[in-house]
Amino acid sequence: MTKSKDLPKPKIEASSTEERLKTDFITLSSHQLRTPLSAIKWFAEILLTQRKGKLNKNQLEYIREIQRSNERAIALVSDLLQVSRVSEGKLHLDLAEADLPTLIEEVIDSNRSFLTNKGIVLHLEILNGPLPNIFVDKAKIRRVAQNILLNAIKYTPKGGQINVILKNNSDDVICAISDNGVGIPADQQNKIFERFYRATNVLRIEPDGTGLGLFIAKSLVEAHRGKVWFESEEGKGTTVSFSLPFRKK
């Protein structure tokens, strides 16, 4: 395993004192929220085991809803902390040899229930294989694929299709995730990687999103000296691709 200490850290320069204060506030509040959210999660899990007393059907459902809401809050705090690390140039990579198809398959498997619930068919294809191993921070590349795939699932209608293509591209490996969902309006495509930005058409479908998924994915890929890009047409779907260069130990 190789620890990365010499990779350039992506850094977003604060354009003003106000921007700096916003970043500091996000960092502080996110850290402060972690403890109470963890406590809520722990107590909810205890209640669901019913070791402290039996619950009726309605009570169990209330606790499950508390748990689901808490998980969404924990995910938001995690995203905000990730954004803070990127903004402050404190993103650390723990590099190890990895097989990209295995990482992508793990992400797909973790989302099987979402795919099944919406009746979405997912196809995985490897071109110009076999793919060589790469040196990446596995957890962060899983996060990249997770963010992109979740967007594809959220904004693809029931019974839709998602295609994942992995490709050996001579100097790097490419992962492309395509859907036949709502697509991105042409006049908003230049903003799609901005922090907290969400296209107007997806707000009607998923009003509770944060607009951080693609920003985080792009930041993590660029920390690995890779690239992220997309093609989209409103009403027809979106393809989000990222590349990761071959890297020796």
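This is a predicted model: local features need pLDDT of at least 70, side-chain atom pairs count only at pLDDT 80 or more; totals for chains, interfaces and linings use all residues.
# A walk through the sheet and its helices

Good morning. Setting aside neighbours within four places in sequence, Ser 243 is in contact with Asp 172, Val 173, Ile 174, Val 221, Gly 226, Lys 227 and Trp 229. Ser 243 itself belongs to strand β8. Is Ser 243 buried or exposed? Its relative accessibility is 4%, and because buried means under 20% relative accessible area, Ser 243 counts as buried.

The chain has 249 residues, of which 42% are buried. Its secondary structure comes to seven helices and eight strands. Of the contacts in the chain between residues at least 6 apart in sequence, 73% join residues at least 24 apart.

I turn now to the sheet. Five strands form an open sheet in the order β3-β5-β6-β8-β7, and the pairing is mixed. At the edges are β3, residues 121-127, and β7, residues 227-233, each of which pairs on one side only. From one strand to the next, the twist averages 10°.

Which residues make up strand β6, and how does β6 pair with β8? Strand β6 covers residues 172-179, strand β8 covers residues 237-245, and the two pair in the antiparallel sense over seven bridges. Two pairs of residues let us locate this pairing in the model. Asp 172 has Pro 245 in β8 as its bridge partner, and Cys 175 stands opposite Phe 242 in β8. Asp 172 is also one of the residues in contact with Ser 243, the residue with which I began.

The strands β5 and β6 form a hairpin with three residues between them. Within that turn, Ser 170 has a positive phi of about 75°. Asn 169 also lies in the loop between β5 and β6. With a relative accessibility of 33%, Asn 169 counts as partly exposed. From C-alpha to C-alpha, Asn 169 is 9.3 Å from Leu 131 in space, while the two are 38 residues apart in sequence.

How many of the eight residues of β6 are buried? Eight of the eight are, so β6 is largely enclosed by the rest of the structure. As a general point, side chains in a regular strand alternate between the two faces of the sheet. In β6, Asp 172, Ile 174, Ala 176 and Ser 178 point one way. Val 173, Cys 175, Ile 177 and Asp 179 point the other way, and all of these residues are buried.

Next, the helices. Helix α3, residues 100-110, lies across β3, β5, β6 and β8.

Helix α7, residues 213-223, is mostly covered, with nine of its eleven residues buried. Among the buried residues are Leu 214, Phe 215, Ile 216, Leu 220 and Val 221. What do the buried residues of α7 pack against? They pack against the helices α2 and α5 and the strands β7 and β8. Val 221 gives us a link to the opening of this talk, as it is in contact with Ser 243. Just after α7, Arg 225 takes a positive phi of about 65°.

Let us look at α7 together with α5. The axes of these two helices come within 9 Å and cross at roughly 150°. Since angles over 145 degrees count as roughly antiparallel, α5 is roughly antiparallel to α7. On the α5 side, the contact is made by Lys 140, Arg 143, Val 144, Asn 147, Ile 148 and Asn 151. On the α7 side, it is made by Gly 213, Leu 214, Ile 216, Ala 217, Leu 220 and Val 221. The crossing of α5 past α7 is left-handed.

Finally, I would draw attention to Asn 70, which lies in helix α2, residues 57-87. Asn 70 has a relative accessible area of 5% and is buried. A polar atom of its side chain lies 3.2 Å from the backbone oxygen of Leu 37. Not counting residues up to four places away in sequence, Asn 70 touches Leu 37, Ile 40 and Lys 41.

Thank you for your attention.

Definitions and conventions: Residues are numbered from 1 along each chain as its sequence is written. Side-chain values use heavy atoms; hydrogens and water are left out. Two strands pair if DSSP finds at least two bridges between them. Helices (H or I, at least four residues) and strands (E, at least two) are DSSP runs, numbered from the N terminus. Axes are lines fitted to C-alpha atoms, for helices over the stretch in contact, and angles run from 0 to 180 degrees between N-to-C directions. Contact means heavy atoms within 4.5 Å. Buried means under 20% relative accessible area, exposed over 50%, partly exposed in between (1.4 Å probe, protein chains only). A polar contact is a pair of N or O atoms within 3.5 Å; within protein, one must be able to donate a hydrogen and the other to accept it, and residues adjacent in sequence count only if both atoms are side-chain atoms. Angles under 35 degrees count as roughly parallel, over 145 as roughly antiparallel, 65 to 115 as roughly perpendicular and the rest as oblique. A crossing is left-handed if the near helix is turned anticlockwise from the far one by less than a right angle, and right-handed if clockwise.
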